[in-house]
Amino acid sequence: MKLCVALDLPTKEENLALIQKLKSEDVWLKVGLRSYIRDGEALLREIKSINPNFKIFLDLKIHDIPNTMADAAESMIGLGVDMFNVHASSGVKAMKMVMDRVNTFANPPIVLAVTALTSFDNASFEAIYKTPIKQKAVDFAKDAYISGLHGVVCSVYESLDIKAHTSNSFLTLTPGIRPFGESSNDQERVADLETAKAEHSDFIVVGRPIYHSSDPLGIVKKIIENI
Ligand code: C5P
């Protein structure tokens with residue numbers, strides 16, 4: 001299991017200050033919408049200049065027509081990222097087209113599909129998808145699997161089930177982790193580290209419990225010791 005730290009701070013300087021503190025740690029860094037829209041490719045370059053061994057997950061959750069998604073995937077590969085994601089609800093045709101493009105590159109990045117956002121509770125999810133989260137997350141994961149993606153973004157509580165319906169080697173990346181029982185903030189389906197381990201999560205994403213802590217490096221070290 002790998003730790004992926006969410007860089008969701010209000011300014012580039014604050015993100016870079018956090019990264020500096022973590023510069024000797026074996027972690028992935030997740031650049032999401034807020035940071036990428038504001039700071040763009042320059043942030044990715046600065047991350048690699050702090051430590052070229054940092055792995056970057058570009059979390060833009062793309063969702064568009066198949067050709068636009070494949071073109072966007074190619075642009076993300078051009079940025080040198082190690083992992084990116086698409087929405088599974090974009091459909092099998094779009095995901096296959098993305099993977100056809102991705103697989104034309106040597107050493108392609110990991111490509112994940114978002115199943116159900118962890119901020120959904122059952123009622124609000126069903127209002128949109130007309131299906132319970134647990135079932136729809138597995139359906140989306142199967143679509144991603146047959147489309148040739150490497151894994152999915154899902155809640156911890158769907159990780160084992162998704163692997164059972166796809167493959168043990170199909171990756172799960174699980175946000176909404178509150179490693180030692182911290183506040184859930186706006187997340188609904190949160191879980192601690194022990195649950196993430198029991199559910200065979202391959203990557204855990206942790207944001208606020210790290211960057212809101214007075215000792216981010218201490219928390220990161222404690223998480224790594226426990227995974
Ligand atoms: O601060 P926190 O640990 O809740 O951050 C979780 C991160 O994971 C955020 O950047 C959020 O956008 C992202 N994410 C999520 N749920 C998903 C996919 C991504 O919370 N299903």
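Predicted model: local features only at pLDDT ≥ 70, side-chain atom pairs only at ≥ 80, totals over all residues.
1. Numbering runs from 1 along each chain as its sequence is written, and side-chain values use heavy atoms, without hydrogens or water.

2. An N or O atom of K30 is 2.7 Å from one. For R178 the distance is 2.8 Å. A polar contact here is a pair of N or O atoms within 3.5 Å.

3. Taken alone, the ligand exposes 470 Å², and the protein buries 87% of that (Shrake-Rupley areas, 1.4 Å probe).

4. The shell around the ligand holds 17 residues, with D8, K30, T118, Q187 and R208 the closest (a heavy atom within 4 Å). By class it has 8 nonpolar, 3 polar and 6 charged residues; Gly counts as polar.

5. The ligand takes the space of the largest pocket (more than half of its atoms within 2 Å of the grid points). A pocket is an open set of points on a 1 Å grid over the protein atoms alone, where a 1.4 Å probe fits, with protein on both sides within 12 Å along at least five of seven lines. About 590 Å³ of space lies in this pocket.

6. The pocket lining has 29 residues; D8, K30, K61, P175 and Q187 lie nearest the centre (lining means an atom within 4 Å of a point). The classes are 14 nonpolar, 7 polar and 8 charged.

Conventions. Polar contact = N/O pair within 3.5 Å; in protein donor to acceptor, adjacent residues only side chain to side chain. Points joined across faces, edges and corners; volume = space filled by probe spheres on them.
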